[in-house]
Amino acid sequence: MNKLSGNSINNGLFIGRARRLIIPEHQVEHYSISQDDIETEFLRYQTAIEAVDKDISAELQHSTLNSKDAEIMASHRDILHDPEIHNLVRSAISQKLHNAGLAVQESFKAIAAQFEAMSVETFALKAADYRDIGTRLLNALSGVSALLPDDWDADQIPILHDMTPSLVNKLAHAKIGAYLCQKGSYNSHASILTRALGLVAIANLPNLPDNVKDDDLLVVDGDEGKLVINPDEETLEFYAQKVQVEELLRQKLEKLKASASQTAGGTRIELCANLGLPEELDSIANLACDGIGLFRTEFLYISRQNLPSEEEQFEIYRQIAERMAPAPVTIRTFDLGGDKLAPFGLGEPEENPYLGNRGLRFSLLHHEIFHTQLRAILRASAFGKLKILFPMIIDAEDFSEARHIFNHCQEELYSQGIAFDSSIPLGAMVEIPSAAIGTDTLAQEADFLSIGTNDLVQYTLAVDRNNENVSRYYIQHHPSVLKLIRMSVQAAQRQKVPLSVCGEMASNPLYVPLLIGLGIRELSINPTAFFTVKAIIRNCDAKLERIISDFDFNTSVREVEQLIYTHLKPYYQI
Ligand code: PEP
Ligand code: MG
């Protein structure tokens, strides 16, 4: 028996067998080749073409695509075999002495840019098709296309170096129950998805690949962030019992389904769910929640190479609106950038992506993408109650620019005689300190606000949310963060604009009483935390409000911890 400690990414217990996965990173290396290597690089390019061609055939054969989408896929094959592209790539290899990856990247980017410059929608779509094929070829060249086997047994636990949002998605589809990583951080989007999909996970396990062999028996204790390798009989029995106790608690909490989301003093707290992937919709609809408070639409892009078309998006948004009606669904426009990579060919990689073209900035820069998404949401608004939320807003002016484009989309649909909800509310994320400090002015422009604590913490404390080397500085309960939240709550109350919290703090039992005490009346949370959070809300009372309103946040982290671990404990203990 051996034990390792890491950081829990999601709670829960899982007992199963190890399966090691070596995932090559998709990287385009910028090196030149010698004359002698030209033939080898030609061959690598040719092999990649054949691999992508095979993938397309398999997708066409096994997919449930409608005929229009199948046609698109078939047209991708034409691009793959386009002689003009072949000439470009081959001459980049033989004349410029680029390696195959670099040659593919540059050639496809150049062609996509040519189509883009024509600024006609059909050509923009064509550009996306070229980018798509370019990415597929790059994946094939770096071996990523064959990265994930699909033959998983229900008790197998993938052992990985690192996790990405698309990989979590694929693993959840393969019905695995837990995974382990050598690297990772609690606040990355891969981790958020992990919790949304209910996978038990631990990251930052030291020397993981050296300590675990294929088929080792593993106990993944996500509650404590501990991994037990080949447990002895006594330990195994202990954990088997713990699994049973957790299941009983889960069943008990689920009985809260019919109970109101209100405090012991009768204050109503709107309790919504965060949606990451459309596949989660069924389980969210079963929670009997007050709606979807955050749909992270950029995740629609994670398991594909290009962004979905207006029609595809419309279908998805319509289905969600209809399924949740009459409850509202808040659709956040693409928050691309940061760790949610932009589509291939749309801009160079940035040195500081979290401070770069992320969120609304990306949308304002790539007008056509923003326009397509807003049209799709507006069209779907005729089928339920939709709201639109803009990410990474700095201030009221930033917001107005987005509203201006939105107004234009509305006029366009109106003139085309297409139905939409003309009173659809527009909201702003409060996730940059300037938005929290400027909530009074922002609230005069926006119809509603939602605090994104994940980024608010990152930007207030200048700590990369994905960098485990600085994770000890990522303190969600830092008094400066709490002061910003209080400031925002008070400004929203003054301006009579609804304000929710949709960041991960709202899903963390430790912080729920704190947020309610700060005056938050709407939470949007991870669906797997739903009944736990509801139980905590029902514990909250007027005394809690007094404790928090008397608390002076001009203090140290230690003092806040004292508050949480002593005075607030009776509220989150269930
Ligand atoms: C946040 O920043 O808290 C948030 C909800 O957005 P995301 O985690 O997608 O950045
Ligand atoms: Mg955010």
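Colleague: How far apart are the closest N and O atoms in the salt bridge that Arg375 forms with Glu412?

Modeller: A salt bridge is a side-chain nitrogen of Lys or Arg within 4 Å of a carboxyl oxygen of Asp or Glu. Arg375 forms one with Glu412, and their closest N and O atoms are separated by 2.6 Å.

Colleague: Which helices hold Arg375 and Glu412, and how many residues apart are the two in sequence?

Modeller: Helices (H or I, at least four residues) and strands (E, at least two) are DSSP runs, numbered from the N terminus. Arg375 lies in helix 13 (residues 367-380) and Glu412 in helix 14 (residues 396-415), so the pair ties together parts whose distance in sequence is 37 residues.

Colleague: What should I know about the model and its numbering?

Modeller: This is a predicted model, in which local features need pLDDT of at least 70 and side-chain atom pairs count only at pLDDT 80 or more, while totals for chains, interfaces and linings use all residues. Residues are numbered from 1 along each chain as its sequence is written, chains are lettered from A and ligands numbered from 1 in the order in which they are written, and side-chain values use heavy atoms, with hydrogens and water left out.

Colleague: Does Arg375 count as buried or exposed?

Modeller: Buried means under 20% relative accessible area, exposed over 50%, and partly exposed in between (1.4 Å probe, protein chains only). Arg375 has a relative accessibility of 10%, so the class is buried.

Colleague: Which residue forms a salt bridge with Asp221?

Modeller: Asp221 is in strand 7 (residues 217-221), and its partner is in helix 9 (residues 233-254), 21 residues apart. The closest N and O atoms are 3.7 Å apart, and the partner is Lys242.

Colleague: How many residues apart are Arg403 and Asp447?

Modeller: Their side chains meet in a salt bridge at 3.4 Å, N to O. Arg403 is partly exposed at 21%, and Asp447 is partly exposed at 35%. Arg403 is in helix 14 and Asp447 in the loop between helix 16 (439-445) and strand 14 (448-451), a link between distant parts of the chain, 44 residues apart.

Colleague: How many salt bridges does a search of the whole structure find?

Modeller: Glu298, Arg332, Asp335, Arg358, Asp455 and Arg465 are linked in a network of salt bridges. The search of the whole structure gives a total of 29.

Colleague: Which helix gives the most to the shell around ligand 1?

Modeller: A residue is near a molecule if one of its heavy atoms lies within 4 Å of it. Of the 17 residues around ligand 1, those that come nearest are Arg296, Arg332, Asn454, Asp455 and Arg465. Helix 7 (189-196), strand 10 (292-296) and helix 17 (453-461) each supply at least two residues of the shell. The most, three residues, come from helix 17.

Colleague: How far is an oxygen atom of ligand 1 from an N or O atom in the side chain of Arg296?

Modeller: For His189, the distance from a ligand 1 oxygen to a side-chain N or O atom is 3.0 Å. For the side chain of Arg296, the distance is 2.7 Å.

Technical notes: Polar contact = N/O pair within 3.5 Å; in protein donor to acceptor, adjacent residues only side chain to side chain.
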